[in-house]
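The model is shown below.

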Amino acid sequence: MDTENKNQIKSYLTFKLGNEEFAAHVSKVLNILEMTPITKVPKAPDYLKGVINLRGAVLPVIDTRTKFGMPETEYTNNTCIIVLDIDVDGESVHVGAIVDSVQAVLEIDNSQIMPLPTLGSRYKSEFIIGMAKVEERFIIILNMDAIFSVDEITSIVDSNQSVAEGTDAQQ
């Protein structure tokens with residue numbers, strides 16, 4: 001899908017981390033998976049929980065709570081993995097993001113998205129597009145491509161390749 005068509009789509013997948021609600025543009029969401037056992041990756045960054053097998057491919061899985069500086073919590077029946085398509089320097093990288101629960105797909109017009117207040121945000125403002133007020137709640141709209149730095153994605157891809165090579169060697 002080209003960028004112009006993506007920009008015309010106003011649908012966002014909303015999900016919760018704790019009591020806060022976030023949204024990702026649907027063009028970035030490839031799949032939503034139930035929690036599954038995650039294989040740990042040695043010497044991986046704290047936020048990288050490990051990898052899973054997704055239809056024969058190795059998918060790195062990050063803990064979104066850890067990435068956002070939130071405390072870890074027990075997984076529940078609602079905990080799931082959102083499979084994202086992240087753009088890094090023009091390259092498509094697939095990453096799984098653990099969230100507490102998926103809420104809904106909402107239509108949010110650009111006119112509903114307000115800039116972030118400048119008074120001390122807990123999250124890095126470079127990966128937040130803004131906030132949308134939907135009914136009586138605020139939803140933080142995320143720029144999924146900006147959540148990870150190039151160095152972090154390189155680290156994830158390197159971990160992913162090490163696991164994949166180890167899997168190939170075992171076969």
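Strands are DSSP runs (E, at least two residues), numbered from the N terminus. The hairpin of β4 and β5 has two residues between the strands, and Arg 55 takes a positive phi near 50° there.

Six of the seven residues of β4 are buried, so the strand is largely enclosed by the rest of the structure; buried means under 20% relative accessible area, exposed over 50%, and partly exposed in between (1.4 Å probe, protein chains only).

## Basis of the model

This is a predicted model, in which local features need pLDDT of at least 70 and side-chain atom pairs count only at pLDDT 80 or more, while totals for chains, interfaces and linings use all residues. Residues are numbered from 1 along each chain as its sequence is written, and side-chain values use heavy atoms, with hydrogens and water left out.

## The five-stranded sheet

An open sheet of five strands runs in the order β3-β6-β7-β5-β4, with mixed pairing. β3 (29-34) and β4 (48-54) stand at the edges with a single partner strand each, so one side of each lacks a neighbour in the sheet.

Strand β5 (residues 57-63) pairs with strand β7 (residues 91-99) in the parallel sense over three bridges. Asp 63 stands opposite Ile 98 in β7.

## Asn 110

Asn 110 is found in the loop between β8 (101-107) and β9 (113-114). This residue is partly exposed, with a relative accessible area of 48%.

Leaving aside residues up to four places away in sequence, Asn 110 touches Lys 10 and Tyr 12 (contact: heavy atoms within 4.5 Å). Asn 110 and Lys 10 are 100 residues apart in sequence and 7.6 Å apart in space, C-alpha to C-alpha.

How values were computed. Pairing = 2+ DSSP bridges. Helix = DSSP H or I, 4+ residues; strand = E, 2+ residues; numbered from the N terminus.
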